[in-house]
Amino acid sequence: MAEEISRRDFVKQTAVGTAMLAGGSANALHAAAAPMDPKKQIVAALGSVFVPSKPGDAGYKELEVYGITDYVMQELPVANTLDAFNTAAKQFFDGKSFLDLDEKQREEYLGLIADGSKITDENQRKSLQACYRGARFRILTTYYKNYPEHQVKRNAAGDPILKPGDIHQTLWEFENPNTKKIQTGWDVTGQKRLISWEEEERLRAKAKKEWNYWFDDYLVKLNDSRPPAAAAIKTSDGHDYYDVIVIGGGTAGCIVAGRLAERGINPKTGDRLKVAMIEGGDDWTIRDVGIRPGYGGPIRRSKITDLPDGIGPEGSPGPTYLWPGPLEGHDENFRLIGGCSNHYGGTCWIPGDEDFHFYREASGVDWDLAKFGDAIQEVRDMFHPTAHPDAWWSKGDHLWADAGRSLGFEMFTTETSMRNGLGVGTDLNRYDTKGTALPWAYIGLNNGLKVIPNAEVQKILIEKVSGGRPLATGAVYTDKAGKTHELRAARVIVALGAMFTPGFLYKSGYGPREFLGDKLLVENKNVGHHLTGDCDLRSSVYLEEPVAETGEIGRGGPWTAMNPRPWGELTVHIRNEGAGGGEPLGAFAPAFGWEHKEYMRNMLGARHQLAWATHFGAIPWSWRVTPDRKLERVELDAPRLDARIKEAGEVIRAWSEKLAIKPAKTDFRIFSRPSTLIPPQHRTGTARAGVSPETSVCSSDFDCHDIDHLLFTSSCTIPRTFFWSLGPTAVNAAYSWRRIIANHFSTGCSTKGFA
């Protein structure tokens with residue numbers, strides 16, 4: 001039987017903390033000239049233990065001349081405990097501090113702290129272990145994120161500096177930071193993040209043979225004869241007016257705004273609609289001439305470096321590209337035209353009969369698969385969900401699937417939104433291979449869509465009408481310079497997603513009385529409530545033999561369901577995570593030293609691993625979003641969910657025992673986690689559509705129950721999460737624009753509010 005990771009192993013082999021590797025300062029790379037202060041000496045000594053060196057195999061200390069310890073200490077979460085860490089060694093090593101110990105003794109000291117059994121003072125043990133974990137986290141992530149060659153050079157605007165005249169916008173020849181002049185973390189792991197144009201061409205030639213279908217043209221392109229962006233007209237009181245404003249330029253916002261600009265008309269004049277889409281992030285995603293899958297556009301290629309350096313959109317982008325999330329350490333919702341569709345992994349769950357059953361059951365919507373048929377086909381056409389070529393399956397993929405079949409599970413092939421994939425990843429794909437909402441934005445631009453980027457909308461303007469229903473008449477936003485603008489519109493569409501819609505409505509005076517008090521303008525108890533989500537529990541094994549080459553890691557493959565269709569509540573899908581998990585802080589990573597370095601060398605640890613993503617859908621729980629954007633659980637059938645988690649854990653353990661290559665270690669701790677500690681993922685429902693204001697916020701046609709001329713789209717309108725969010729959100733938006741045009745922007749529609 002494989003060795004299950006114990007709690008003590010977990011303390012030794014993982015790091016806990018919320019600090020993330022951020023971008024370096026301008027003076028991060030410099031030669032160390034002055035003697036180190038004591039704290040710096042401690043960190044430098046720790047670095048040499050965590051990443052050791054020997055002749056011909058450089059490690060941490062060889063990077064000291066480039067300021068690695070200065071950089072580590074910039075965001076070291078435990079700097080104030082280093083002195084205590086240093087002196088605490090005296091009680092175990094005959095009065096010697098950590099700095100006085102030789103190399104072997106320092107390793108012994110770290111092992112003693114990680115184990116903890118010889119430290120009898122509980123407070124001291126906790127403090128020393130926290131210091132150890134914090135230092136380990138910061139040192140290993142810094143080194144294996146390739147310091148000091150972890151950033152490309154950028155100009156004052158933060159854009160990568162490329163070779164003049166480079167029409168391909170490649171970083172390889174001119175600004176590949178991994179110069180090979182020194183040994184860095186990437187040199188140890190064998191990672192190759194940046195590739196040359198010649199390598200791209202080789203990959204494309206290979207991919208054209210692997211794919212059954214190759215689309216060697218632009219998916220969408222800006223027309224030279226397109227009309228100019230819609231210009232606002234002035235109202236009698238001097239405000240800018242558009243026929244419709246779409247608030248939010250993410251997945252749903254792009255889909256709805258693009259199609260309204262293309263197909264909607266002003267019912268009062270019969271003219272093309274004046275459509276404005278307001279987004280809090282930038283719009284560089286739509287500045288290229290078009291989207292050519294497998295090749296990309298020069299602007300997107302230059303912005304997406306594939307380097308998680310904390311400056312660009314990859315990795316840990318911080319406030320530039322992510323809005324703060326409701327859970328500590330969890331940011332969410334991309335701040336960029338295209339939104340989360342830009343950075344999701346590519347898995348595209350298209351809603352089926354089960355999804356619509358849960359929608360109807362939750363809030364009484366009249367939706368079904370037949371009504372959504374055109375919307376589903378539209379998303380399939382744009383996102384192009386398809387199975388990876390057979391050539392992409394690794395030995396580990398086949399091993400995983402064969403073991404599942406031996407338990408009687410039918411294997412399905414994961415559909416990924418990918419067109420002309422090169423096998424070089426999917427998140428923020430610089431080659432435009434991954435399906436995103438950007439094609440709809442281009443459709444809008446070809447039809448006069450006005451995009452207002454870098455604009456944070458503050459509230460909807462709600463007008464109380466004596467003897468009548470309240471009206472939405474516009475919105476207020478703040479631009480990048482901090483200037484406030486007030487727009488008027490005949491119709492206002494909120495497309496801000498499940499988490500952001502409630503807070504925005506609260507600030508506008510719309511929501512539950514218990515949240516708004518005397519700021520309440522219009523009451524609806526369902527705003528911010530009924531949030532649901534699915535969840536993933538990830539587990540893994542470390543096999544006795546490697547099952548993948550470095551280039552095969554992370555390509556994915558098969559999946560199955562624990563129960564046959566039709567699927568009901570607490571349906572469980574089990575998806576192959578492929579070989580992976582070779583991160584320096586992964587569950588199977590040794591604590592430090594040479595054993596750890598050999599685990600990382602040539603991604604050896606990752607190549608030994610298989611993983612399961614055990615995905616729970618239609619969970620019996622409900623949450624609400626508070627005015628400070630925190631998540632509060634309202635309902636949870638904990639006994640049922642706990643029982644299902646236990647059952648799934650038993651399946652995964654049995655599955656691991658059927659693998660043709662036996663696991664040396666397993667990590668199934670996640671199945672011991674109580675359901676009360678599991679947050680919802682892929683959230684929906686906070687302004688859900690439904691049959692009445694007693695149970696929902698908007699109608700099946702997306703009109704607000706309580707405020708005229710206010711409409712909703714995005715994941716906030718989906719009554720209940722079954723699985724995932726990107727696919728259902730896109731399908732929901734593709735259906736919503738059809739209903740919105742039919743009810744508001746066609747001949748014969750009401751002309752109220754139109755200029």
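1. Leu 260 touches Val 244, Leu 273, Val 275, Ile 493, Trp 737, Ile 740, Ile 741 and Phe 745, leaving out residues up to four places away in sequence. Contact here means heavy atoms within 4.5 Å. The model is predicted: local features need pLDDT of at least 70, side-chain atom pairs count only at pLDDT 80 or more, and totals for chains, interfaces and linings use all residues. Residues are numbered from 1 along each chain as its sequence is written, and side-chain values use heavy atoms, with hydrogens and water left out.

2. Leu 260 belongs to the largest nonpolar core, which has 93 residues. Such a core is a set of buried Ala, Val, Leu, Ile, Met, Phe, Trp, Tyr and Cys residues joined through side-chain atoms within 4.5 Å. Buried means under 20% relative accessible area, exposed over 50%, and partly exposed in between (1.4 Å probe, protein chains only). Leu 260, Val 275, Trp 367, Phe 383, Tyr 510, Leu 710 and Phe 712 touch the most other members. Helix α21 (residues 726-744) gives this core its largest share, nine residues. A second, separate core has 47 residues, including Ile 68, Leu 112, Ile 119 and Ala 589.

3. Strand β4 (residues 240-247) is mostly covered, with seven of its eight residues buried. Helices (H or I, at least four residues) and strands (E, at least two) are DSSP runs, numbered from the N terminus. Two strands pair if DSSP finds at least two bridges between them. β4 runs parallel to strand β15 (residues 484-494), joined by seven bridges. Within that pairing, Asp 240 stands opposite Leu 487. β4 also pairs in the parallel sense with strand β5 (residues 275-278), over four bridges. There, Val 246 has Met 277 as its bridge partner.

4. The pairing of β4 with strand β3 (residues 233-234) is antiparallel, over two bridges. Ile 233 is bridged to Tyr 241 in β4. The two strands form a hairpin with five residues between them. In the turn, Gly 238 has a positive phi of about 90°.

5. Helix α12 (residues 353-363) has buried residues Glu 354, Asp 355, Phe 356, Phe 358, Tyr 359 and Ser 363. These pack against α13 and α21. Gly 364 follows α12, and its phi is positive, near 80°.

6. Two cavities of 30 Å³ or more are counted. On a 1 Å grid over the protein atoms alone, a cavity is a set of points where a 1.4 Å probe fits but cannot get out; a pocket is an open set with protein on both sides within 12 Å along at least five of seven lines; lining residues have an atom within 4 Å of a point. Grid points are joined across faces, edges and corners, and a volume is the space filled by probe spheres set on the points.

7. The largest cavity holds about 190 Å³. It is lined by 20 residues, of which Asn 429, Asp 432, Lys 434, Thr 436 and Leu 438 lie nearest its centre. α13 (373-383) and α15 (438-445) each supply at least two residues of this lining. By class, the lining has nine nonpolar, seven polar and four charged residues. Ala, Val, Leu, Ile, Met, Phe, Trp, Tyr, Cys and Pro count as nonpolar, Asp, Glu, Lys and Arg as charged, and the others, Gly among them, as polar.

8. The second largest cavity has a volume of about 30 Å³. Its lining includes Asp 355 and Tyr 359, both buried residues of α12. Phe 723 also lines this cavity. The lining has six nonpolar, two polar and two charged residues.

9. The second largest pocket has about 400 Å³ of space. It is lined by 23 residues, and the closest to its centre are Asp 282, Thr 320, Tyr 321, Asn 454 and Lys 480. Eight of the lining residues are nonpolar, seven polar and eight charged.

10. His 573 lies in strand β20 (residues 571-576). His 573 is buried, with a relative accessible area of 0%. Beyond its neighbours within four places in sequence, its contacts include Trp 349, Trp 559, Trp 567, His 615 and Phe 723.

11. Lys 39 lies in helix α2 (residues 38-50). Lys 39 is partly exposed, with a relative accessible area of 29%. Neighbours within four places aside, Lys 39 is in contact with Met 73, Ala 79, Asn 80, Leu 82 and Asp 83. Lys 39 and Lys 145 are 106 residues apart in sequence and 23 Å apart in space, C-alpha to C-alpha.
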